[in-house]
Amino acid sequence: MALRTPLYDWHVAQGGRMVEFGGWDMPVQYSSIVEEHQTVRTAAGLFDISHMGRLSFAGADALALLQQIYTNNAAALKDGQVRYGLLCNERGGVRDDVLVYRWQRGCPLMVVNAANREKIVAWLAKHRKDRDVEVSDHTTATCMIAVQGPQSLALCRGLTAADADQLPYYFAVQTTYQNASCILSRTGYTGEDGVELMVAAEKGLPLWEELVRRGAKPCGLGARDTLRLEAAMPLYGHELTEDIDPFQAGLGWAVKMDKGDFIGREALLRRRKDASLPKRVGLELAGRRAAREGAAVLSESRAIGRVTSGTVTPTLNKAVAMAYVDPAFTAVGTICKVDVRGKPEEARVVPLPFYRRPKG
Amino acid sequence: MDPKTLRYAKSHEWAYLEGNVCTIGLTKFAVDQLTDIIYIDMPDIDDPVSTGDSFGEIESVKAVSDLYSPVTGDIVAINEKLETDPTLISSDPYGKGWLIKVKVEKDTSLDHLMTLEQYEKQIASEEH
């Protein structure tokens with residue numbers, strides 16, 4: 001049976017349409033995906049993201065284990081800094097994409113994808129060897145909530161002992177909510193400014209309800225998907241898999257070859273130079289039929305790639321998609337076709353992301 | 001149109017027969033399930049359709065679904081307004097949001113389709 005977050009009953013009572021995602025029963029939408037999407041672009045949206053895995057690393061060798069399994073450089077993180085990175089297999093394929101948090105006091109934290117949590121916990125146990133490190137999974141004992149959109153920071157002011165206004169982007173602080181410990185992080189997965197909060201499971205509902213009272217609009221995974229797609233953020237299982245490496249995905253900036261050895265490094269040194277591997281691109285379609293996952297990308301009726309995510313985006317009101325294509329067809333402006341359920345539709349390679357938030 | 005006078009297909013289309021012309025649309029239940037409709041791919045006038053065959057597709061932000069004809073005949077009209085404003089199907093599924101009109105054979109009946117009562121039973125079971 002699918003797992004339920006501490007907010008499950010609230011979602012059902014408020015008419016959330018529940019679907020299974022990554023082993024959890026999650027709301028896909030409450031009212032309309034387009035409305036929820038626009039709220040995040042213009043005001044503040046609220047997401048239950050308790051399904052994301054939250055793992056802590058305790059012990060003298062915590063950093064050493066992190067450095068071995070993570071492509072980015074955890075040792076270079078400042079106190080309170082949050083950094084995106086990949087966990088790779090020995091072939092350089094992506095096992096998961098994660099955020100790592102480092103603190104002045106307290107164990108480093110890693111947030112992993114819901115569907116990969118058990119796989120990663122097992123991966124860490126395998127590579128821990130005789131190191132002095134204990135990985136604990138706090139996922140079901142805690143609740144994680146995202147507030148996203150241009151009004152998020154103002155809306156959260158005074159909610160926790162520390163305010164997000166003080167935090168640079170991609171920094172976090174260990175603070176309190178209602179006198180209980182809370183992590184406040186200026187991060188997100190929507191392309192907007194905003195925060196993510198982690199509290200004990202029993203504080204989840206009071207925090208959520210207070211955010212609703214303050215005016216944040218509950219949004220489901222449907223809007224989360226269209227928002228991240230516009231912002232060209234990869235979704236594991238779509239843009240990232242065990243067979244795709246970070247360079248193909250355009251995430252080479254999150255791989256630090258010079259930090260020392262890590263799992264997949266040797267394979268990545270080779271793959272980085274391999275000019276034959278397909279690359280992630282953005283496509284904009286001429287018509288309004290959406291290219292969905294799995295649709296073939298064509299040039300002169302020859303298959304040159306495959307769509308990994310696509311929709312008609314609410315902000316741009318255009319059919320856009322992300323796809324992996326043969327490296328000869330990745331230049332911006334390249335014209336191609338996408339086979340949309342049997343009918344070839346004209347498309348053009350465009351720069352990613354599709355949407356970038358206006359700088360305030 | 002009054003939902004009580006319509007007949008319904010399992011795949012959530014409604015049908016209304018007047019003389020030998022059958023008007024076809026999508027039920028409110030189906031439209032509510034789809035939400036966020038962005039595009040409706042329509043057939044051409046004079047295209048033949050058969051009972052149970054796909055005559056077009058309806059696309060929402062999340063997914064795309066086929067539209068199935070509940071009758072056999074030739075298409076004599078399509079609702080062109082939906083091309084510019086697909087939201088009409090959400091705001092008025094039994095009126096301005098109709099999809100196509102099909103000319104059927106003289107003795108065609110809609111007895112193979114469900115009544116409102118039968119259809120409501122079907123959707124009640126789908127919701128649980």
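Q: What makes β11 and β12 of chain A a pair, and in which sense do they run, parallel or antiparallel?
A: In this predicted model, two strands (DSSP runs of E, at least two residues) pair if DSSP finds at least two bridges between them. Strand β11 (residues 180-185) and strand β12 (residues 194-200) of chain A have 4 bridges, in the antiparallel sense, so they count as paired. One of the bridges joins A:L184 to A:L197 of β12(A).

Q: Why are β10 and β13 of chain A said to stand at the edges?
A: The open sheet of 6 strands in chain A has the order β10-β11-β12-β9-β3-β13, with mixed pairing. β10 (172-177) and β13 (217-218) of chain A each have a single partner strand, so one side of each is left without a neighbour in the sheet.

Q: Which residues of helix α3 of chain A are called buried, and why are they said to line one face?
A: A residue is buried if 20 or more other C-beta atoms, placed from the backbone, lie within 10 Å of its own. In helix α3 (residues 62-69) of chain A, the buried residues are A:A62, A:L65, A:L66 and A:I69. Seen down the axis of α3(A), they fall within an arc of 100° (taken from the directions from the helix axis to the C-beta atoms), so they line one face of the helix.

Q: How many residues does each chain bring to the contact between chain A and chain B?
A: Chain A gives 13 residues and chain B gives 9 residues, where contact means C-beta atoms, placed from the backbone, within 7 Å.

Notes: Residues numbered from 1 in each chain as written. Chains lettered and ligands numbered in written order. Predicted model: local features only at pLDDT ≥ 70, side-chain atom pairs only at ≥ 80, totals over all residues. Contact = placed C-beta atoms within 7 Å. Buried ≥ 20, exposed ≤ 12 C-beta atoms within 10 Å, placed from the backbone.
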